[in-house]
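Visitor: I have not seen this one before. Could you walk me through it, a bit at a time?
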Amino acid sequence: MRMRTANATATALVAVPLTLMGTASQGHAQDASPSPSGTFGPGCAGLSQKVGTVKDKVVEAAAAFPQLSHLVSAAVRAHLNGTLDGKPGVTVFAPDDHAFQTVTVAQLASLLADQGQLKKVLTYHVVDRQITPDELSHGSFKTVEGSKLTTSGSGTDFKVNGKANIVCGKIKAANATIYVIDAVLQPPS
């Protein structure tokens, strides 16, 4: 029963509607200059929710964006929603649904079956302070998981750990700054 549930969950997490794929590709063709709200990145135009300042705490704020549904599901499964919502002033590097699509079904099923490992991977995406865009050009930050992650770039073009692109940056939630990224980060072994 547990394996069947894990497989069903993995399948549900990997499935991405075709309309989302079309929206994401359109978002990359958009201007990446900062918006009046301060958000930036080619993926901001593709987000279905109004980007800017969201009055909800981090998990509920992320749930307002359909493109972050896999991340929200994983956070709830790892019982992190209360933990993340209870922290003041955090930064979340939030993998979008496309990022979860790049993880193999077997890897995702394995991750979802191991709550400890899932929590470790997800908390590696969270820094216990708010990071400004100015700090992203050559940043090194300790994550809630305990390891470091790095950021690099300039203007509105930034990477996390040299591989994940920030596709929409500086979304404000009540207790967090969210940077949407296009890859699921793995903590160092």
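Visitor: Does Thr 177 count as buried or exposed?
Guide: Thr 177 counts as buried, because its relative accessibility is 2%. Buried means under 20% relative accessible area, exposed means over 50%, and partly exposed is in between, with a 1.4 Å probe and protein chains only.

Visitor: Before I go on, what am I looking at?
Guide: This is a predicted model, in which local features need pLDDT of at least 70, side-chain atom pairs count only at pLDDT 80 or more, and totals for chains, interfaces and linings use all residues. Residues are numbered from 1 along each chain as its sequence is written, and side-chain values use heavy atoms, with hydrogens and water left out.

Visitor: What does the chain average in pLDDT?
Guide: The average is 80, and 77% of the residues score at least 70. pLDDT is the predictor's confidence in each residue, from 0 to 100. Over residues 1-34 the pLDDT is below 50, and this stretch has 44 contacts in the model beyond near neighbours in sequence. A contact means heavy atoms within 4.5 Å.

Visitor: Back to Thr 177. Where is it found?
Guide: Thr 177 is in strand β7. Strands (E, at least two residues) and helices (H or I, at least four) are DSSP runs, numbered from the N terminus.

Visitor: And what does Thr 177 touch?
Guide: Not counting residues up to four places away in sequence, Thr 177 touches a list that includes Val 90, Thr 91, Val 92, Gln 130 and Ile 131. Lys 170, Ile 171 and Lys 172 are also among its contacts.

Visitor: In what order do the strands of the sheet come?
Guide: The order is β2-β1-β7-β6-β5-β4-β3, in an open sheet of seven strands with mixed pairing. Two strands pair if DSSP finds at least two bridges between them.

Visitor: Which strands stand at the edges?
Guide: Those are β2 (126-127) and β3 (138-142). Each has a single partner strand, so one side of each is left without a neighbour in the sheet.

Visitor: How many bridges join β1 to β7?
Guide: Six bridges join them, and the two strands run parallel. Ala 94 stands opposite Val 180 in β7.

Visitor: What about Val 127, buried or exposed?
Guide: Val 127 is buried, with a relative accessible area of 2%. Val 127 lies in strand β2. Leaving out residues up to four places away in sequence, its contacts include Val 90, Phe 93, Phe 141 and Val 144. Its C-alpha atom is separated by 9.0 Å from that of Leu 149, which is 22 residues apart from Val 127 along the chain.

Visitor: New topic. How many aromatic pairs are there?
Guide: A search of the whole structure finds three. Rings of Phe, Tyr and Trp (its six-membered ring) pair if their centres lie within 6.5 Å; planes under 30 degrees apart count as stacked, over 60 as edge-to-face and the rest as tilted.

Visitor: Why is the pair of Phe 40 and Tyr 179 tilted?
Guide: The pair is tilted because the planes are at 55°, with the ring centres 6.3 Å apart. Phe 40 is in the loop between α2 (18-29) and α3 (58-63), while Tyr 179 is in strand β7 (residues 176-181), 139 residues apart. Both Phe 40 and Tyr 179 are buried.

Visitor: And Phe 93 with Tyr 179, what is the distance centre to centre?
Guide: It is 5.6 Å, and with 20° between the planes the pair is stacked. Phe 93 lies in strand β1 (residues 90-95) and Tyr 179 in β7, so the pair ties together parts that are 86 residues apart in sequence. Phe 93 has a relative accessible area of 0% and is buried. Ring pairs link Phe 40, Phe 93, Phe 158 and Tyr 179 into a cluster.

Visitor: Which residues does the disulfide join?
Guide: A disulfide joins Cys 44 to Cys 168, with 2.0 Å from S to S. The term covers a pair of cysteine sulfur atoms within 2.5 Å, and by this rule the count comes to one. The torsion about the S-S bond is about 100°, so the disulfide is right-handed. Cys 44 is in the loop between α2 and α3 and Cys 168 in strand β6 (residues 164-173), 124 residues apart.

Visitor: Last one: which residues of the largest nonpolar core touch the most other members?
Guide: They are Val 58, Leu 118, Leu 122, Ile 171, Ile 178 and Val 180, in a core of 36 residues. A nonpolar core is a set of buried Ala, Val, Leu, Ile, Met, Phe, Trp, Tyr and Cys residues joined through side-chain atoms within 4.5 Å. Apart from it lies another core, of 16 residues, among them Phe 93 and Ile 131.
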